[in-house]
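Try each task before you read its solution.

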Amino acid sequence: MPELAPYAVSEHNTRGRNVREEVPFGRSEFQRDRDRIIHSTAFRRLEYKTQVFVNHEGDLFRTRLTHSIEVAQIARSIARRLKFNEDLVEAISLAHDLGHTPFGHAGQDALNACMKDHGGFEHNLQSLRVVDVLEERYAAFDGLNLCFETREGILKHCAPASAAGLGAVGERFINKQRPSLEAQIANLADEIAYNNHDVDDGLRSGLITLEQIATVRLFAMHLETVRKSHPDLGERRLIHETVRRMINTLVSDLMHETERNIVAQRPQTLDEVRNAPPLAVFSEEVREMNRELKSFLHTHLYRHYQVMRMNAKAHRIIGDLFKTFMEDKRLLPPQYQRQAEADQARAVSDYIAGMTDRYAIKEHRRLFAVDE
Ligand code: MG
């Protein structure tokens, strides 16, 4: 085990698991969490779930699985350098999207709208629900019985109203405390990963053009450097060289700024991290450039008419499925029928949220196409 900073999460300061277990042999508690996540059903489904592009649109686009691996890569690099718990950031990164619906953000919005009179749907809460309740693998408990700090990292955001019902893991939203540095880093690594791979996927799909994105400062400054040093470079490599430099800028800025904050605030313990202002942050200048990039993606990619069409389809599919299963729970697979006895809406929501893109499309066809 590499040396950890005194304020990093470790096996000495962890709040442990809800159900007590034997100390693992040959691996740390957080390696065990990571391993449980990798072996879960929800993790395998990430391969067939998407963020912006729908799974069948092309083989080259990111899926939630490759996204999660990219997040883990970025977060681990930062954690290792800053002496944070690398196994924990890896576990959080790999689990952070487990609760996502099919069809990316559109799917989440659609399911949340369906659930508005039944407690709503929120993907962070659902990720926690997957690891706490829904995975069925162990004899002694529901879910994966992960360590507190892994669960805390998975629950990135949460409205205070929902936090009240979550026990210890919800407390920080009520007490206005920060999560561990490992959770803070995994959260920002997520943002670095998706902004940059959306640029890459957006350009590859042709939905955004080089000319358009050359108006974004973070992209433009690196594009210019690459063009100057390699004037004859083909477009594919030009884009890759630019995007990798963007990631580098964001990662090194985050490392430096976090190091600076730690030196200034001098936390000695994990509790001091929790009570300090957020220590893992970008510098003001890079935060501004990052904001500009995000707003570009919003306007030009996430609101592109082809993406909007797919979103509309996703809304229709999820809305139809929800309505059908709410009208007649006998159409649900047996395990969800049993769950529906207690709470039909939540059972339907769990069933839909667990679907991959292609499964949701197939299920819709099975229910609505007369010749299926
Ligand atoms: Mg993510």
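**Exercise 1.** Are His-67 and Asp-190 buried or exposed?

This is a predicted model, where local features need pLDDT of at least 70, side-chain atom pairs count only at pLDDT 80 or more, and totals for chains, interfaces and linings use all residues. Residues are numbered from 1 along each chain as its sequence is written, and side-chain values use heavy atoms, with hydrogens and water left out.

Step 1. Buried means under 20% relative accessible area, exposed over 50%, and partly exposed in between (1.4 Å probe, protein chains only).
Step 2. His-67 is buried, and Asp-190 is buried too.

**Exercise 2.** Find the protein donors of the magnesium ion.

Step 1. Donors are N, O and S atoms within 2.8 Å of the metal (3.2 Å for Na, K and Ca); water is not among the atoms, so sites may look incomplete.
Step 2. His-67 (NE2), His-96 (NE2) and Asp-190 (OD) lie 2.1 to 2.3 Å from the ion.
Step 3. Their spacing along the chain is H-x28-H-x93-D.

**Exercise 3.** Classify the ring pair of Tyr-336 and Tyr-351.

Step 1. Rings of Phe, Tyr and Trp (its six-membered ring) pair if their centres lie within 6.5 Å; planes under 30 degrees apart are stacked, over 60 edge-to-face, the rest tilted.
Step 2. For Tyr-336 and Tyr-351, the centres are 4.7 Å apart and the planes form 40°: the pair is tilted.
Step 3. Now take Tyr-351 and Tyr-359: with centres 6.3 Å apart and planes at 80°, this pair is edge-to-face.
Step 4. Ring pairs join Phe-325, Tyr-336, Tyr-351 and Tyr-359 into a cluster.
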